[in-house]
Amino acid sequence: MLLTGALPGCLSTSGQSGARKSSEVAVTNSTMSVPEGYGRLLQDNPIILSGNVNLDGTADLSRYLKTTPDFITYNNSLMESCLGSGNQGNIESCYEVRKDRNTSLPLTAVSKRWAFPVTTSEFAQVNAFGHIKKYLDRYHNLIRDIYTTKAVPNNAPPFNFYETAIPRALYSTTAQWYGGQSLVTYADCDLPGNANFNPSDFTLCFGSIPEFANVKMAQDPSVMHHELGHALSQMMMNFRNIAGGIVDRSNISYTFYDEAGAIQEGVADYYAYAMNGRSRFGEWGLIRFGNAGRPNDENDSMHAPGISRNVEERLRYPDYLSYDSTDPTATIEDVHYAGQIASHFLTAFTRDLQESCAMSFTQATDTVLYLLTETYAELGDLTSSASDHSAGVGLSEPTINHRSDLDASGIKISKEWLMKVTPINYRSFFQKFAKYAYQILNKNFSTRCNGTNYPLDNLEKLLDSYGLLLFKTYNENGNNYTNGNSGTNKTVTAANRLKSVLISKNLIKLDPATDSSPFFVFDKRTDLIAAIASLQARGNITQISSQIPAQLDYNNGNGEISPGEVVGIALNLYNDSNSTMAGVEVLANDWDHIKDDAGVPKPCNTFEDAWPLSTEGAAPADPVASSFGQCQYVTRMNGTAGGAAQSEPGEYLHPVCFVQVKDGGTTKWATQDALRISQNGDPNKCLGGTGNRKDCYFRAIRGADFAWYSKINPKMSWGKSVPDETGSPNFNSNNILLFEASPDIPPGTVFDCRFRVRFTNCTECFTKQSDVNGDDWLDFEYSGPQPFKIIHFQFTVID
Ligand SMILES: [Zn+2]
């Protein structure tokens, strides 16, 4: 079984050679051909400028320069300041461009001028700077306009128009620009055929095509706009975190494949579209020299037959999650393909604003960027408040990402919710986007549809045509544990849901085929070392147990779980419905599924899995189900206040894995500490040390305790739905959960891990079926069993 664990680049491409030459007149771009502060830019990518889709990789690009110079900067180096709002938020060193990662300073001017021959690295740097500057001027104007005239967070309700997620302190804390951090672009960096945004050091990197030394990503503005889009989304997601003075940062995605990352790729493609209005991006940097580059509109000729703007023929979720327009039969689990559903929806919505509101292209794209700004600002909010002044909800009441306080490990609960427990997916993202579209363009007789009221049916029908009308309400009342079901909450018109398919959670299960294994175990040493390194590089994993040797010496690669190993586990999930399931997530994090029985935690058997039997060690029945400490009571504090003197006595989280212990003549399911006690084991040798005895022997690695699967076809397993060329599943780091097994596990020990599974287009996983208003589950309920299907993973440790 192949397991790959690399960090992805942003775009991928392979080389191929080209055709004919064009005949424009070359323009000499020499220092003395321009005034001080000036240089020359390629106004667009060479394919667009030449009108030749087969333009050769050796073509003389100076033919596509204008004779009129472009203003670059009067600064002596390739860097720029940014203006805040009023007298707040000015940033001296806002962005700069260097050659590559080995260059410590931005490019300097020659005789105060910026004109260099087109084949030089200096030209690529100036070209990148010029195009980034144009986009950032638009970004700063847009955010300033949102802050001062559209959202106006400084106004208290009812004088502001709606509950904006834009924080009051946006400019006083320079949150509009990531706390004032300089965005560094490497315009000629060592990244063959690719480009990326790296959130950990806030850099952009533009590579070149290996076969053609003169073809650089920095010659294609749409590629640069895409990567810059990632950086701007990262900023938006952290508006409220930086303004709220917290050090944690939200990321635009958390694994190699998750839906947050997929949507983000679509949004980044939209950033390019918002600048050039074209139906595809990357014509020169990507499409010309390989298979990458993507359309964003069903009308584009890149698309396979049968795809069009017709309501029946759009890129619908989840059918098109692995769709590659250049190879429609391929099934690849990749965020770039999966994101096309988002980009196509966003361009279709833009056209609707142009038609329904008679907006210009710029007005319509500015409006969509405004809605995206609000959406990301709320979704990324680790302070959990969602707005500085949510009406009906107290100022400090959390309404998103559960709570901002710390769990027992010192990690913000809100970060856990954003990363894995209630992560961004196609449902949550477009529900939030729709909420802002409703509140800004439609609610309270709004005239922001260019002087008229935007018809909400348009939005619902459009979302539905993309399979994205997966929610029943706009969730205006948020997810707070006391107020989340009580405020105003606009309902979706049910008749508009014709193509968006919801499936019962009961139809996801382990593959029932008798000849298939219910799960896959990965224990090859080199694979696991690579997987851990990849997750550490992302910042997901911060600690491996000191009981596990760093070089994974116990890992024997026999496909079984042995003492002392780090193992990867993938459930062999099966879709027993007649529709495609998508955005499947398996959670192995701690949750509220035990009851304290006179000092001994015991597994609750009151959930849908009815496990274990009372005779097999289950907790005693609940005398008062709705009271603290009982199985049927779900903690509102994620188990952080379970002490006797605290607000939720008896409410604790527990790790997923229990173990079989002999108790007299019978065997019972018990905690791992019960096994340790029966073995007289040293608590200091527990995987997490003496303070963490509940998962003394076998525990999920924090940050690798959630797994994603893009989609599972009807009546099929995931492995068969997304096969590689050889027909077998190609596991990536996002598909597996990582566990540590203590060297001290007695061979023959039987474990049972109680995972929670859900998917995006699930009937019961987000909407409370018992609620007549179709309200969403509240954030605290994700500490418990109800929004999930419980799936057990049972195994015996083999020496
Ligand atoms: Zn990207």
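A: Start with Pro167. In this predicted model, Pro167 sits in the loop between helix H2 (121-150) and strand S6. Is Pro167 buried or exposed? Its relative accessible area is 2%. Buried means under 20%, so Pro167 counts as buried.

What does Pro167 touch, once neighbours within four places in sequence are left aside? The contacts are Tyr147, Pro153, Phe239, Arg240, Ala243 and Asp388. Pick out Asp388 from that list. Pro167 and Asp388 are 221 residues apart along the chain. Yet their C-alpha atoms are separated by 6.1 Å. Find both residues in the sequence, then find them in the 3D view.

Now turn to two helices. Helix H5 covers residues 259-276, and helix H8 covers residues 361-379. Two packed helices are described by the angle between their axes and the distance between the axes. Take the distance: the axes of H5 and H8 come within 11 Å. Take the angle: the two axes cross at roughly 150°. Angles over 145 degrees count as roughly antiparallel. H5 and H8 are therefore roughly antiparallel to each other. Their crossing also has a hand, and it is left-handed.

Which residues make the contact? H5 supplies Ile263, Gln264, Val267, Tyr270, Tyr271, Tyr273 and Ala274. H8 supplies Phe361, Ala364, Thr365, Val368, Leu369, Leu372 and Tyr376. Sort the residues of this H5-H8 contact by type: 12 are nonpolar, two are polar and none is charged.

Next come the disulfides. How many does the structure hold? The count is seven. Three of them are described here, one at a time.

Begin with Cys82 and Cys94. Their sulfur atoms are 2.0 Å apart, and the two form a disulfide. The torsion about the S-S bond is -90°, and the link of Cys82 and Cys94 is left-handed. Cys82 belongs to strand S4 (residues 79-82) and Cys94 to strand S5 (residues 91-98), so this pair ties together parts 12 residues apart in sequence. How accessible are the two ends? Cys82 has 6% relative accessibility and counts as buried. Cys94 has 0% and counts as buried too.

Move on to Cys189 and Cys205. A disulfide joins them, with 1.9 Å from S to S. This link has 70° about the S-S bond and is right-handed. Where do its two ends lie? Cys189 is in the loop between strand S6 (183-186) and strand S7 (195-198). Cys205 is in strand S8 (residues 203-206).

Finish with Cys604 and Cys631. These two form a disulfide, with their sulfur atoms 2.0 Å apart. The torsion about their S-S bond is about -90°, so the disulfide is left-handed. Cys604 and Cys631 each lie in the loop between strand S19 (600-603) and strand S20 (657-663), so the pair ties together parts 27 residues apart in sequence. Cys604 is buried, at 0% relative accessible area. Cys631 is buried as well, at 3%.

How values were computed: Residues are numbered from 1 along each chain as its sequence is written. This is a predicted model: local features need pLDDT of at least 70, side-chain atom pairs count only at pLDDT 80 or more; totals for chains, interfaces and linings use all residues. Side-chain values use heavy atoms; hydrogens and water are left out. Axes are lines fitted to C-alpha atoms, for helices over the stretch in contact, and angles run from 0 to 180 degrees between N-to-C directions. Helices (H or I, at least four residues) and strands (E, at least two) are DSSP runs, numbered from the N terminus. Angles under 35 degrees count as roughly parallel, over 145 as roughly antiparallel, 65 to 115 as roughly perpendicular and the rest as oblique. A crossing is left-handed if the near helix is turned anticlockwise from the far one by less than a right angle, and right-handed if clockwise. Contact means heavy atoms within 4.5 Å. Ala, Val, Leu, Ile, Met, Phe, Trp, Tyr, Cys and Pro count as nonpolar, Asp, Glu, Lys and Arg as charged, and the others, Gly among them, as polar. A disulfide is a pair of cysteine sulfur atoms within 2.5 Å. Buried means under 20% relative accessible area, exposed over 50%, partly exposed in between (1.4 Å probe, protein chains only).
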